[in-house]
Every structure is written in structure tokens, then in C-alpha cells.
Amino acid sequence: MMPRPEGARRATLETVIALFFLTWRLATYPFSTFYRDWVALLSLYWIITAWGQESKLWPWITSILVLWLMTIYSRNQLPFIIDGLRLLS
Amino acid sequence: MIGGGLWMLAGNASVLAWSWFLLRRLYPDPGPEALLLFMLFRLALISLAILGFGLFGALTSANLGAAGVFTLALFFIIDKPPSLREFPWPRIGALACLAAVLIASRLILQAWFFSPYNLDVISYHIPKVAEWTSAGAITREAGIDPRSTFPAGFELIELWWVVFLHHDVLIEMAGVEFLFLSLGGVYSLARTLGLDERPSFAAALLYILTPGLHLQATSCFNDGPVAALVVTTAALLAARTPPATVILSAGLGIGIKPTYAFALPGLLLLCFLFRKEGRSSPRRPVLSWSVAGGGLVLGTFWYLRNLAWYGNPIYPMSLRGMANPTGTIAQQTGPRISSLLSNLRLLVDQRIYDPIPWAPQLDWISGWGLAAFACGLPALLLYCREHDRFRKVAAGLSCSLGSVLLLVTPDAWFMRFVLFYPSILCIGGVMLSLRETPIRIVLIAAMFLQFAGTTFPDDLPVGGFSFFARQPWRERSLDLLPWAPKKDEPVVCTPGASYTYLLYRPDFSRRVLYARPTTPEELIHFMDRHRARFVQGKSTPVLEDLVKRGKLRKMPGQFFERT
């Protein structure tokens, strides 16, 4: 669902800002790392939110983003947590 | 020890009663910030009591305990006994209550079993706690490390937990107190943002499980307490409590570490953004301004002391910063755009992912945790778009984040200074989880993982937790010194001596003396005068000369023995 005219102006402005961040990340880091760059992912999510927050898909997109960010973070930290808990045994 | 325990009970009962008195007299209807104000008054009263008794050379268990009994009796004369039912407890539900009890119980166990182990902590943070406990006074001597002269607001609370038992087994409880302060802070902030009692408490629990903050609570670091006070001040400003409490909170923060002051621009912005909302006024202006006066004393004391003794309120920092032994600037003084850019880049690209295990010193990590990262960051974006009050708080805390990063040197551990920021991420995460069930599941999973991952800090000494747990509590200590003189032998510390806290022993039974000799004869004279046979210090020309002349003999580690 498209936002109303005043909402469209705001959505356009937000998109420009998000695109700025997205361009910065794409210019600085290889495209192959895009999927695990939280700034790039949030910028993309920002654009989706600006234009489609009313959409039925939006809650799913939000949940998928959160799950994906959890995966990115846990990839580093989860093995350490499990390793640390071995001290209990 | 039993006598000390009884005095400790009396002291704590009195402080709790008078905190209750201040809360009821000043803010009869405090609302969600009641827990926060109560904890704040408690910490302020303890700090002022220790400072007062310390300056008058009366810092002993019996003195503090007797004062506790006397002031408790006074309280019962002028006020009715406090009732737990009267306290405005938040209605948080059985599950949250169980989680809080579980976290609190584990913190108490951690405080009991851990002994100070971080090298910075035992080198320059807490040797002054040992020295002042031994002396029964706050003396000029605070340790051999130049950084020992930094503000000691947090050490006042540590002294409270050490003096009564004349033992350091409960020293970590000082950090736990501040962790509960941050619990109250985030709860109050979340309520101001419109959350109900249960989600607000969930956000507060989530924040105190922030790995960096949680691990700092039981490791004698003072950055966690500073973060707690930044959050407290933000909560008080957003709730529009009277200025006296804000001054008290700011005073406590500045008295702990100057990095609190680095966050002030954001707190001022917060004050400005919330200026149009109604402010509650205290009933008793005189009492209220006395509270503010207490804050001013706690905030300025250490800086005025350094100004009087060293001619520089931020000694040993200078306008150029503070150099390390190699001559490079270890910590800057004043703002630097290059620091801001480097710190931001490091935060965004590296530290926020926590690429190595969680540890209280936060080397190479942010310690913000899974919940703040996975749920908090998207929530920050969403609620800054659509929630006016959330946007204001986020703007204030982001400004504080920026100002701190502008003022600190990019190094391995600069993220220690911005542990306040995950508070808004945790609140946002909980707000988002109320909208989407899958996010609620992620948040609960994150809470469990953060609870599990903060059981043992990664930088515990070799042998980990069992190393401490195996030792009887009276003897529990970090066995880092490769060799040490017999228990009752006094030791003289000279410049370059490290880990001096360990020399005191957990019950402060060893006499530790500090000497800064300029000639070999001066040191020998000092040792003879104090009947000390051992010296610990870096191999300086003074010590080398005495070794060459056969007056000192090198021993393992940094020790020397008088021949």
C-alpha cells in the first residue's frame, strides 16, 4: 500500500538517507559481505518500511530481519557461550 | 567477623531506612521512578557516610555500625517503621519476579565466589580500597600507580562492602548495587515512554543482562556504575523529577569517573527536549536542596582534592592527555573529530558484532549483546520514525554516545565508556516484541543466551571459576604473584610495582608501605624505619644500585629482599 502524499514526501526523504548509507557501505565493502553487514541490511529495511509499513508482508520482513541479525551475531558468540558453560561441568 | 557482620546489618538497615525517609518526605507520590530514587538515595547516603567517616579517620566497622544503630534509633523516633507494603512495587508478574530473583541470586553467588582479578583493577582501582581500609581513614596514599589519584566515588561504595568485615569477599557487591540502579533507571525510562509495568520491567531485566554491563558489575570496574548513572539521569530528566535528584545523580556520576561528564551534552539535550512536560515539585525545598548539596559534594570532592594537592583537578591527566610509559598518548584530553570518526567506524564495523567472548574489560567488543543487536537496532529505526518520546530519548542518548566517542581515544576498550546506550535498544527491542510474536521469541532466546554467557567472564584467571571456588572464602584471592613474602612480612612498594592489591591479602592482614625514593639511601632508611625486609617494584636505578652494593637481593617476580 502506497503512503499518502504527505507520507510519500517523507518516505522519499527517508529513502534518500537510507540510500546514502547503502551507497556508503557498498562503496566501502565488497558486495559479497552485504548479507552480513547490519548497516546495509537496516538501510534496505528502512526503505521497505518507508514505503510498505502498512503492507501485510511487513511484519514478516521485520521478523526475518531480526532472525537474520540474530544469526549473524550468534555465528560469532554462540560457540563462545557454549564453550564458557563447559566450566560448569 | 560475626561482630562485623552485625555492624554491617545495622549500617545497611539504617541506610535503607533513611533512603525510605528521603523518598517519602521528598516525593510522596513518586510514580515509576520510586525504585530508582530509592536506590539513588541509598548510594548517595553510603557515599557521604564513607567519605565523612574516612576524612575524620573513623572508618572502622564499629564506628560505622554504631552510627548505624544510632541513626536507626533516630529514624524510629521521628518516623514510623517503614512498611514493604507502602513501597510502590511495580506489578510485574510471577515470571518476571522469578527471573529477577534468579539473576539477583546468581549475582550474589558471583560476588561471593569471585575475587578481584582484572589487572587494571588490582593495579590502580582498588589498592586504595585496601589502603584506606587498613588505615581506617581516607588518606593521601592511594597506591603507587599514578592513576590511583583518579576520582574514587565508586571506591566509596566498595569500602562500604569491605570495611565492616575487614575482608574483600563482598567487594563486588558495590557493582551489583549499581546494576540494580540501572534496573530502576531503565524501568522508569520505559514507563516514561509509555510502556506498561510488565514490558518496562522486561526491558530493565534485558538491560541488566547486557553482557558488558552485567560482567562489569562483579569485576570491580567503574564503567558499569557510570553507565547506570547516565541512564538514571536520563530517566530522571525524562520523568521531569525535580532538579535536586538530577544534580544528585550527576554528582555521583562525575565523582566516579570523568567519562560521566563526557555524556552530559546528550543529557542536556534530553533536558531541553522534555522541557515542555510538567515537572513535579518536591514538598520540602530545604531537604531537597540538601540532597542536591550532597550531589555537589560527591561530584566535586575528588577534583578539588587533586587541585589542592597536585594543582590539577584531573591529575595525572594534563591538557595534552596522559602518556603511557612509551611516550604515546594513552588517553586524550578534549575533543577530537578524528577520535569520533575512528571510534564510530570501529563500533559500526567491528565491536558491535562482539567478535570475541564477552569479558568485562570489553577488549575489542562492545558487550552490547544479542538482544540489543538483533532486536534493538531495527527497533531504534522504527520507533525513531513513529514514537515522539522514544525519538527524544534516543536523540539524547545518541548525542551522549557521540560526545563520549569524541572525547576518548580509539583503543581496544573504548566501548566501556558507552555502556549506557544499550538501554534504549533494550526498551526498543521490548516495544517491537510486543508487536510481533517471532520477535518476542528471539528476545526471550537472547535473554537466556545472555544469562548463560554472563555466568563466567572470559578473562577469569587460568583455572576459571573453580580456581576461586576451590579456595576457602577467607583466603580467596588471585594467585598471580609468582612469589610473595610470608603473610606477616610488610612489603614496601616502589614505582612500577604492579598488582599491589594482592599484597594486602583478602583480609588486609599485610602491612603494605609505599615509597618513592630518589636515592638508594632514602629507600634503605625508609625500610629500616618501618622494619620492612622486602621491596616490590620495577628494577629502577635506585634498586639496581642497592643490588650492586649488596644491600638488596633480587627475588622472584618484582621482589627484592634486604640483606
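This is a predicted model: local features need pLDDT of at least 70, side-chain atom pairs count only at pLDDT 80 or more; totals for chains, interfaces and linings use all residues.
User: Which helix gives the most to the lining of the second largest pocket, and what makes a residue part of a lining?

Analyst: The helix is H4(B), with six residues. A helix here is a DSSP run of H or I with at least four residues, a strand is a run of E with at least two, and both are numbered from the N terminus. A residue counts as lining when it has an atom within 4 Å of a point of the pocket. Residues are numbered from 1 along each chain as its sequence is written, and chains are lettered from A and ligands numbered from 1 in the order in which they are written.

User: Why is one space called a pocket and another a cavity?

Analyst: On a 1 Å grid over the protein atoms alone, a cavity is a set of points where a 1.4 Å probe fits but cannot get out, whereas a pocket is an open set with protein on both sides within 12 Å along at least five of seven lines. Grid points are joined across faces, edges and corners, and a volume is the space filled by probe spheres set on the points. The second largest pocket holds about 930 Å³ and is lined by 32 residues, with B:Leu16, B:Leu35, B:Phe38, B:Met39 and B:Trp89 nearest its centre. The largest cavity has a volume of about 50 Å³, and among its lining residues are B:Asp168, B:Arg476 and B:Tyr501.

User: What makes a lining residue nonpolar, polar or charged?

Analyst: Ala, Val, Leu, Ile, Met, Phe, Trp, Tyr, Cys and Pro count as nonpolar, Asp, Glu, Lys and Arg as charged, and the others, Gly among them, as polar. The lining of the second largest pocket divides into 29 nonpolar, one polar and two charged residues, and that of the largest cavity into four nonpolar, two polar and three charged.

User: How do you know which residues of chain A and chain B are in contact, and what is meant by buried area?

Analyst: Contact means heavy atoms within 4.5 Å, and 37 residues of chain A are in contact with 33 residues of chain B. Buried area is the accessible area (1.4 Å probe) that two parts lose on being put together, summed over both. Between chain A and chain B that area is about 3100 Å², of which carbon and sulfur atoms give 70%.

User: Why is the pair of B:Arg385 and A:Glu14 called a salt bridge?

Analyst: A salt bridge is a side-chain nitrogen of Lys or Arg within 4 Å of a carboxyl oxygen of Asp or Glu. The closest N and O atoms of B:Arg385 and A:Glu14 are 2.5 Å apart, so the pair meets the rule. On the side of chain A that touches chain B, H1 (5-28), H2 (38-52) and H3 (58-85) each supply at least two residues, and H3(A) gives the largest share, 19 residues.

User: What parts does the salt bridge of B:Arg533 and B:Glu489 tie together?

Analyst: In B:Arg533 and B:Glu489 the closest N and O atoms are 2.5 Å apart. B:Arg533 lies in the loop between helix H23 and strand E5 of chain B and B:Glu489 in the loop between helix H21 and strand E3, so the pair ties together parts that are 44 residues apart in sequence.

Key. Side-chain values use heavy atoms; hydrogens and water are left out.
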